[in-house]
Amino acid sequence: MAYRPSPQFKKTLLGSGAVLVLAALNAPAAVSFATDKYHAYKIAQPGYQKKYGSWAVLDVPGEYRVNAIHAALLHTGKVLLVAGSGNNQKKFDAGTFETVLWDPAKNTFKKIPTPEDFFCSGHTQLADGRLLVAGGTARYEVLDGSVKKAGGAMRVKNESPDKAVTLKKGTVFRSPSGVEYVSRFDVTVPKAKREFEISYFKSGQMKPWKTKVTAAEQRVFVEAVKEGPQALTTEAAQYEVEGLKGADADNVYGLAQKITTEKQDFQGIRAAYEFDPKAEKYVPVAPMKNARWYPTLVTLDDGKVLAVSGLNDVGDVVPGDNEIYDPATKKWSKGPFRYFPTYPALFLTKGGKLLYTGSNAGYGPATKGREPGLWDLKKNAFTKLPGLTQPDQLETSASVLLPPAQDQRLMVLGGGGVGESAASTARTSIIDLSKDNPSFSDGPALPQGTRYLGSVLMPDDTVFTTGGSRDYRGRGASDILRAQFYDPRANAFTEAAEPTVGRDYHSEALLLPDGRVATFGSDPLYGDADNTKLGTFEQRVEIFTPPSLHRAGGDRPVLGAGPEKPDRNGGVTYQAAAKDVDRIARARLMRPSAVTHTTDVEQRSVALELTKDKAAGTVAVRIPKDRTLVPAGWYMLFVTDADGISSEAKWVQVP
C-alpha cells in the first residue's frame, strides 16, 4: 500500500519549505524568525511551564495605564499603583497626579484622587491595614547648563516670640545690593523661643529677670527674579522681606550664603497621608518636620514608623534628622539622629534593632553612610558589619530578609556603582544575625551583573528574582530578560521562565494573594542600544505564574473558614477537607509588600507552628508573639504541600 502523507504533515512540510526559501533569500532574518517561533512554542508547552513557570502580559485598559513608581498590596487584596507625576515634568507642572487601584481577583481598575505629588515618596504598612505615604516631589531637578536663574536655600528667621509668620509662595527677598529673589514655596516660621534667666547676688537676693529670645528658623528655596551674574553669591548676607511693615519687618528676615546656577536637585515635600483601603482614599495626617524625597519608611515593633533620609526642601540629603510617626496620634516626633543615603534598606530584626544592608537608591556622597551595620535605636548606636564583597556597588542593589524570618538571615543581591556609573555586580552576600559576631559571606552569583533586581519572597521559602539591567537605567539596551529562584536551603539559584518586558529603574515586583508575582514599571534613559532614542516609561503589567502552580493543575491545598484575628495565644484554626489536612506540610505568614526603587523593607515570611486534626477536619497555626519578628498588621497566610504547591492566601490581622 502506497504511503500518503497526512494533511498535517503537508502543512508542516510546506511551512518548513517556506522557512528554507526565506533562509535562501535572507538567512539572518529567517533564522531569527524561526528561533522566535520555536521559543514561543517551547515556553507554551506544559512540561516547560511545570519546570520554569510562565509569564503573561495583563491587558490594562488605556485610561488606567500609569507610570507605576510605587506598588503596595493592601489587605483587601487590591494593589495600589502610585505614580504621582510619574517622572513627567509636564504632569508635575499641570498638577496632574495619578494613583490607580487594581483588583487582581476581578481584574478591575479604579482611579484614585491623588492630593499631592507622591512621586518618589516613602510608604509602609500600618497595623490597621492602612498604608502610610509620606514625602514626594516639590520641585523637579534642573540640570547643569539648564539653570537660567540663580537659586539656593534661604533661611527665614523669625525673632518674634509672640507669633508665627507665614510667607506665601512668591514672597520677594531683597539683598543689601537690591537684587531680588522669589520663594518657590509657602513657608511657615514658628514663634521665637523665649526663655527667662534667673540669677542671684552674692547676698542671695534674686536679681531682676533677664529674657533671652532665640529666633525660630525655616528654609525655603528661592530663585532670582532676573537672570544674570548679579544674582550669584557665595557670601553670607541678610535679606529684607518685601511687604512686611513695622515690627514684622524687623523680626522677619532671610539669611543666605550660596546662591548659584549649579545643578538644582529634586526637592521633597513634608506632606503625609494614610491610604484607607476600605474607603479607598487618601486621608491627610500631620506633615513631617522635614521635607523628604526618596525616603525610607520602616515599621517598628511598637507599631510606630521611622522615616529616614530623603532630599529636603532645598534639594540636600537630610543630614540625619529622622522622624517617628505615631499612628495613634497621627503626628510625628523627633527620631534618633543618623545619616543615610536615600532609600536605605532598613529591616526590623529580632530584638528591635534595624539592619542596614547598605542597599540604597542613590543620592549622597560615595564615602558617607554606605557601610552596612546594626542600628540600636534606643541607644542610637551603630555597629558596622564586615565581610561584604564589592561594598562600592551597593547602589540600586536589592535586599531581602530570607525566609523564614526566624533564621534572621538577610541577603544583598546585585547593585552598581554610585551615581550614573556603568558598573554592576553579580555578587550576592548573606549575613546571619543569629551568630555571635555576624559578618557577610558571599552567596551564589547572579547570572550577570544586575542593578534594579526585583526580588520577591515566595510561599515555598524561595526568593524569586527578575529583571533589572546591567547598566545605569538600562542604558545600551541592557535590560536583563531573565528570572531565577534562590533556594536558601540549597544556597543556589535555579532558572525560571524569562519575562518578555524589561524592568529597570522605577520598576516593582510583588507577591499576589493567589501566589503569582506581578511586575510593574520601568523607566529607561534610552530606547535603543546606541543611546540615541529617549526611553519611554513601561506601562505594561506582566504576571509570573510559578512552576508549582502549573504542576498543581488547579489542585491546590485549600483552607476553609476561619477567623481573621488570632486568639490571645496567637492561634488561628481553619476548616479543611480531609485530603487537604493530610496534604498540608508548612504554613507561612507573609507581610504584604510596599515597594519602590528596588526597596521593599516590608517583606517577611514567618514560619508558623502547624497542628493538623484530620478527624475534626481542621488545620491550626500559631503566630509568634514577638513583635520584633512579627510586627502588628495584616498578613497573608499560605499553606504549602511537600511539593511546594501553595494555597491561596487567607488574610490575618496580627494585633
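This report covers the overall build of the protein and then a few local regions.

## Basis of the model

The model is predicted: local features need pLDDT of at least 70, side-chain atom pairs count only at pLDDT 80 or more, and totals for chains, interfaces and linings use all residues. Residues are numbered from 1 along each chain as its sequence is written, and side-chain values use heavy atoms, with hydrogens and water left out.

## Overall build

The protein has seven helices and 48 strands. Both are DSSP runs numbered from the N terminus: helices are H or I with at least four residues, strands are E with at least two. Along the principal axes, the C-alpha atoms fill a box of roughly 125 × 70 × 45 Å.

Of the 655 residues, 53% are buried. Buried means under 20% relative accessible area, exposed over 50%, and partly exposed in between (1.4 Å probe, protein chains only). Among contacts with a separation of 6 or more, 61% join residues 24 or more positions apart. A contact means heavy atoms within 4.5 Å.

## Surface and charge

The protein exposes about 29100 Å², and carbon and sulfur atoms supply 51% of that area. Accessible areas come from the Shrake-Rupley method with a 1.4 Å probe; for residues, only the protein chains shown count as cover.

There are 83 positive and 74 negative charges, and their mean positions are 2 Å apart. Lys and Arg count as positive, Asp and Glu as negative; His and the chain ends are not counted. Each charge is placed at NZ of Lys, CZ of Arg, CG of Asp or CD of Glu.

Strand 4 (residues 98-103) is largely enclosed by the rest of the structure, because five of its six residues are buried. Strand 4 pairs antiparallel with strand 3 (residues 79-84) over five bridges. Two strands pair if DSSP finds at least two bridges between them. Gly84 has Glu98 of strand 4 as its bridge partner.

Strand 4 also pairs antiparallel with strand 5 (residues 108-111), over four bridges. Here Val100 stands opposite Lys111. Four residues lie between the strands of this hairpin, and Asn107 takes a positive phi near 55°.

## Strands 30 and 31

In a regular strand the side chains alternate between the two faces of the sheet. Strand 30 (residues 398-401) is covered on both faces: Ala398 and Val400 are buried on one side, Ser399 and Leu401 on the other. Four bridges join strand 30 to the antiparallel strand 31 (residues 409-413). Leu401 stands opposite Leu410.

The loop between these strands holds Pro404. The peptide bond from Pro403 to Pro404 is cis, with omega near -10°. Gln408 lies in that loop too. Its phi is near 55°, a positive value in a residue other than glycine. Gln408 counts as buried because its relative accessibility is 6%.

Thr598 sits in the loop between strand 43 (594-595) and strand 44 (604-607). Thr598 has a positive phi of about 65° without being a glycine. At 12% relative accessibility, Thr598 counts as buried.

Val581 belongs to helix 7 (residues 578-583). With 2% relative accessibility, Val581 counts as buried. Beyond four places in sequence, its contacts include Ala576, Lys612, Asp613 and Val619. The C-alpha atoms of Val581 and Glu98 are separated by 45 Å.
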